[in-house]
Amino acid sequence: MDQEIIRRARVADLAAFLAARHYDDIKMSSTGISIWLKDRPYVCTRKGYVGFVDYHTGKQGNAIDFLVNYLDYSFQDAVYALEGYAVPLPNQQHDQVAQASNTFVIPDAAAKPYTRVFRYLSSRGIPDTIIQRLVNDGLLFQDADHGNAVFLSRAKDFCELRGTMPTKGKPFHGIRRLYPYCFWSCRNSTKPVEVAYLCEASIDAISLAILRSQADADLSAAYVSIGGVANQQTIDRIHRSIRTVLAVDHDEAGQWCRERNPALEVLLPVHKDWNEDLMAGETGTRPVIPAESRPTSQASEAAQDSVQPSRTKTA
């Protein structure tokens, strides 16, 4: 990792970062100058102050230390998250702007109709009406240069790319995000969101939304792609703000993610993932396992596998 990027992250405007990205985790003084963590009121930073002070231990540190020690960021994620909040020296302003603009690039869209995207997603069992709705909502387009399917978040801070050409192995799959905790989501209705189902990829999120819609379940839900099970910051961010159900893949990596998040409810597909369930004609009636009822280790998978969902005719 470039040492200059690390240096800038260490002297980032921590107060501005917390106010913008972790507002629900902090409290401010009446003057708005001092900021504390709600769950650790002895940890403080101030506007115009580089770093923080832990009055409980006497420890002081920089912005990277704060994110790693108190907000569970990895070192690398902390550096990239703070990149946009670096305070440049006068002769470094141009370099910082260039660096920030290159960290996240949304591909150019092809001219409509997005034939390759429609053909590919239709082959994965997703109806054309759903594909068109995603396109109309600005959540999906076709990459002009490579013909990839691009799933773009509403905030335009996350995009997931999926190859659309037939290949002998797995199609191309890439993730781009402005910050480590960004994500993509879709919904079945305009009702206020009450629960978020966290899937590994956009196609899985869409597939689960279709399955749950066919079962008339969770019309107040958001179906989220976290871009892989390793993205704990995304899981934590969503869990802090809304009821969260972990709906990642039924495989070893998914089980690792479930064991890492024992406080979350769980929903498991019958097959490896929700798109495979959709392609196999499964229903969306599998039960959510409450956190307090979750068995430990792989017993949780066996418990849900023992439930035989009733079959209903799909629309």
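Predicted model: local features only at pLDDT ≥ 70, side-chain atom pairs only at ≥ 80, totals over all residues.
## Overall make-up

Let's start with the whole chain. The protein chain holds 12 helices and 14 strands. Of its 315 residues, 49% are buried. Contacts reach well along the sequence too: among those between residues at least 6 apart, 58% join residues at least 24 apart.

In soluble globular proteins, nonpolar side chains tend to be buried together. Here, the largest nonpolar core has 67 residues, and Phe66 and Leu67 have the most contacts inside it. Helix 8, spanning residues 202–214, gives the most to this core, with 7 residues. Apart from this core lies another, of 15 residues, which includes Ala196, Val224, Leu246 and Leu268.

Setting aside neighbours within four places in sequence, Leu67 is in contact with Leu14 and Phe17, with Asp72 and Tyr73, and with Ala78, Ala81 and Leu82. Two of these partners, Leu14 and Phe17, return in the next section, where they belong to helix 2.

## Helix 2 against helix 3

Helix 2 (residues 14–21) packs on helix 3 at an angle of about 40 degrees, and their axes are 10 Å apart. The two helices are therefore oblique to each other, and helix 2 passes helix 3 in a right-handed crossing. From helix 2 the contact takes Leu14, Phe17 and Leu18; from helix 3 it takes Ala63, Phe66 and Leu67. By class, this contact has 6 nonpolar residues, with no polar and no charged ones.

## Helix 1 against helix 4

Helix 1 (residues 3–10) and helix 4 pack at about 75 degrees, with 9 Å between their axes. That angle makes helix 1 roughly perpendicular to helix 4. Ile5, Ile6 and Ala9 of helix 1 meet Phe75, Val79 and Leu82 of helix 4. The contact again divides into 6 nonpolar residues, no polar and no charged. Leu82 is also among the contacts of Leu67.

## Helix 6 against helix 7

What is the angle between helix 6 and helix 7? Helix 6 (residues 115–123) and helix 7 (residues 128–136) pack at about 135 degrees, with their axes 10 Å apart. This pair is therefore oblique, and helix 6 passes helix 7 in a right-handed crossing.

The contact is built from Phe118, Leu121 and Ser122 on helix 6, and from Asp128, Ile131, Gln132 and Val135 on helix 7. By class, these residues divide into 4 nonpolar, 2 polar and 1 charged.

## The loop between helix 3 and helix 4

Asp72 lies in the loop between helix 3 (63–70) and helix 4 (75–82). Is Asp72 buried or exposed? With a relative accessibility of 59%, Asp72 counts as exposed. Its phi is near 65 degrees, a positive value in a residue other than glycine.

Ser74 is found in this loop between helix 3 and helix 4 as well. Its relative accessible area is 36%, so Ser74 is partly exposed. Beyond its neighbours within four places in sequence, Ser74 is in contact with Val68 and Gln233. Ser74 also sits 9.8 Å from Gln232, C-alpha to C-alpha, although the two are 158 residues apart in sequence.

## Other backbone and loop details

Most residues other than glycine have a negative phi, and most peptide bonds are trans. Lys156, which is not a glycine, has a positive phi of about 55 degrees; Lys156 is placed in the loop between strand 7 (149–152) and strand 8 (158–162). A cis peptide bond joins Lys112 and Pro113, with omega about 0 degrees. Pro113 lies in the loop between helix 5 (93–101) and helix 6.

Finally, Asn148 is found in the loop between strand 6 (140–142) and strand 7. At 7% relative accessibility, Asn148 counts as buried. Not counting residues up to four places away in sequence, Asn148 touches Val117, Phe141, Gln142, Asp143, Leu161, Arg162, Gly163, Thr164 and Phe172.

Note on methods:
Residues numbered from 1 in each chain as written. Heavy atoms only, no water. Core = buried A, V, L, I, M, F, W, Y, C linked by side-chain atoms within 4.5 Å. Buried < 20%, exposed > 50% of the residue type's maximum accessible area, 1.4 Å probe, protein only. Helix = DSSP H or I, 4+ residues; strand = E, 2+ residues; numbered from the N terminus. Contact = heavy atoms within 4.5 Å. Axes fitted to C-alpha atoms, helices over the stretch in contact; angles between N-to-C directions. Parallel < 35°, antiparallel > 145°, perpendicular 65-115°, else oblique. Left-handed = near helix turned anticlockwise from the far one by under 90°. Nonpolar A, V, L, I, M, F, W, Y, C, P; charged D, E, K, R; others polar.
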